[in-house]
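Please walk me through this structure, one part at a time. A plain account will do.

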2 protein chains.
Amino acid sequence: MDASEFDSWMRAELDSVEQALQRWVSPDAPAGLGEAMRYGVLDGGKRLRPLLVLAACEAAAGDRNAALRASVAVELIHAYSLIHDDMPCMDNDVLRRGKPTVHVKFGQAQAMLAGDAMQALAFEVLTPASAEPDGFAPALQARLCGLLARAAGHEGMAGGQAIDLASIGRPLDEWKLRDMHRRKTGALLQASVLMGAACGELPARGWESLSQYGAAIGLAFQVVDDILDVTQASETLGKTAGKDEHCNKPTYVSVLGLEGARKQAQTLRERAQAALAEGGLRHTARLSWLADLVVDRNS
Amino acid sequence: MDASEFDSWMRAELDSVEQALQRWVSPDAPAGLGEAMRYGVLDGGKRLRPLLVLAACEAAAGDRNAALRASVAVELIHAYSLIHDDMPCMDNDVLRRGKPTVHVKFGQAQAMLAGDAMQALAFEVLTPASAEPDGFAPALQARLCGLLARAAGHEGMAGGQAIDLASIGRPLDEWKLRDMHRRKTGALLQASVLMGAACGELPARGWESLSQYGAAIGLAFQVVDDILDVTQASETLGKTAGKDEHCNKPTYVSVLGLEGARKQAQTLRERAQAALAEGGLRHTARLSWLADLVVDRNS
């Protein structure tokens, strides 16, 4: 697969994801809640997690309907976490994806509720009734709910955010920093890969390979995020740059230095590619391109 | 079943629920998050929702392991909603169950995260891996996740809270007030009954009967809440009394008057009892007592 093939696959899949999000995040939710939810998740974001779900599903020759729903569910969890993370009691950010954040636009109460409702919606999307035309096996529904819940909760994303909160102004060593990010960002990225993989049936070796791939790109993503925070302007990022240093938050750049962080990102890219190669899976080219995308992105 | 039999059943079940919550809401969550989660859900609350799950499971001769997990899950959703609801950007309440609210004790950021993590944990509890000793059928896991997600999300609880938010200082007619409460409180109470029922296998008539019972007590609960808010002191309620009037929120008392609200509660109790009687189910005595408990409670 060359770059242009990957590119057209990606554009087609981004279209599918956008349509699925449009369908699932209804404007009909009462009292402006639907509007706030849509504002928080539509028309923005790189959709990296949905792409990982869909590419992993292909690698596992899995059920496309299930994977599309799973991709919507992980993106909803990601988007809700950004809404809550941006609130004044957390990071107090006013800019996200180049637009005012949800609480700036709709008020804090509505922002909190929109995030809460988006988390619930993620599990709703994963559990279609058997009568729905794009339904899928209940056992897979349960498996996907379990993977997502564990990645989103206290062992995963929410736990990582609690560590983040507690670490402001305190030095963290590389081990603790990695533990924080493995939970905060890594768990959901890895879960995206595993949820896609769960849509098919993989032998243990293939599953383990995708699990290690997911862990490596999960960490790589955060290392690159930390690099971009110091090297890019806010306009490119679509969010406030230099924020980590300003808030005295430990980052890979503050712990390893800029060059050390860049090396670390390359090492993790190689680890991801090596893990992919070891699984005995056929269709991993897109996952391989996605690992490059994670490391080479500039926003 | 007489009052003392019901009472000892209830005490035994409350013990089981408390132990299950103790087990599931681990203090190990990082950076104080576990402590905040436990503070928000342990040692307090009437546990009405768990009791409804367990009583409905008995009426459906269902899987006790599944129902116990379901009872933990609904209580987690309920407790998280209280934490978020009490925050300064929402109701700004400092007292809950006679103790300082979670954000007063742990700060707003940790309170928001604890609530977020508790919602995820609810779905984690519902999806045990097949290797776990008290696991249960994946198809039932998916069904329970679906019922809970729909009750918690924009069509249910979160949607009701958005309406609540938008209605402050505005007159609502009885129909709109009922719509708000059907979502805000009723949906999760009804889901508690239905999740318990789903743990067994009921014919359509039995399911419909429990569904109507759940809808009636869901509404009755809120009517009684509104009555207690004007008739009881804060010490009895364990939360700030007179809050609704102070915040200029429409309530059943403000719309129907105190006597009208009391009549409404009795009507809903009778509707719940009638629905129970129509289902052709055997073991509904505990559900019947629970309906009385909802209406006759004084806190």
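In helix H1 of chain B, the residues Glu13(B), Val17(B) and Leu21(B) are buried. Viewed down the axis of H1(B), the buried residues fall within an arc of 80°, so they line one face of the helix. That face packs against other helices of chain B: the buried residues of H1(B) pack against helix H2 (33-41), helix H3 (48-59) and helix H4 (64-85). The other side of H1(B) carries exposed residues, among them Ser4(B), Asp7(B), Arg11(B), Asp15(B) and Arg23(B). The length of the helix can be checked as well. H1(B) runs over residues 3-24, and at 1.5 Å a residue its 22 residues should span 32 Å; the end C-alpha atoms are 31 Å apart, which agrees.

All of this comes from a predicted model. The mean pLDDT of chain A is 93, with 95% of its residues at 70 or more. For the complex, the predictor gives an ipTM of 0.95 and a pTM of 0.96.

Next, the contact between the chains. In chain A, 41 residues are in contact with 41 residues of chain B. Helices H2 (33-41), H6 (108-125), H7 (138-152) and H8 (157-167) of chain A each supply at least two residues of the side that touches chain B. The largest share of that side, 12 residues, comes from H6(A). Sorted by class, the side of chain A that touches chain B has 25 nonpolar, 13 polar and three charged residues.

How are the two copies related?

Two backbone details remain. Arg97(A) is not a glycine, yet has a positive phi of about 55°. Arg97(A) sits in the loop between strand S1 (95-96) and strand S2 (99-100) of chain A. Is Arg97(A) buried or partly exposed? With 17 other C-beta atoms within 10 Å, Arg97(A) is partly exposed. Arg47(B), also a residue other than glycine, has a positive phi near 60°. Arg47(B) is found in the loop between H2 and H3 of chain B. Arg47(B) counts as buried, because it has 20 C-beta neighbours inside 10 Å.

How values were computed
Residues numbered from 1 in each chain as written. Chains lettered and ligands numbered in written order. Predicted model: local features only at pLDDT ≥ 70, side-chain atom pairs only at ≥ 80, totals over all residues. Contact = placed C-beta atoms within 7 Å. Helix = DSSP H or I, 4+ residues; strand = E, 2+ residues; numbered from the N terminus. Nonpolar A, V, L, I, M, F, W, Y, C, P; charged D, E, K, R; others polar. Expected span 1.5 Å × (residues − 1). Buried ≥ 20, exposed ≤ 12 C-beta atoms within 10 Å, placed from the backbone. Arc of directions from axis to C-beta. pLDDT = per-residue confidence, 0-100.
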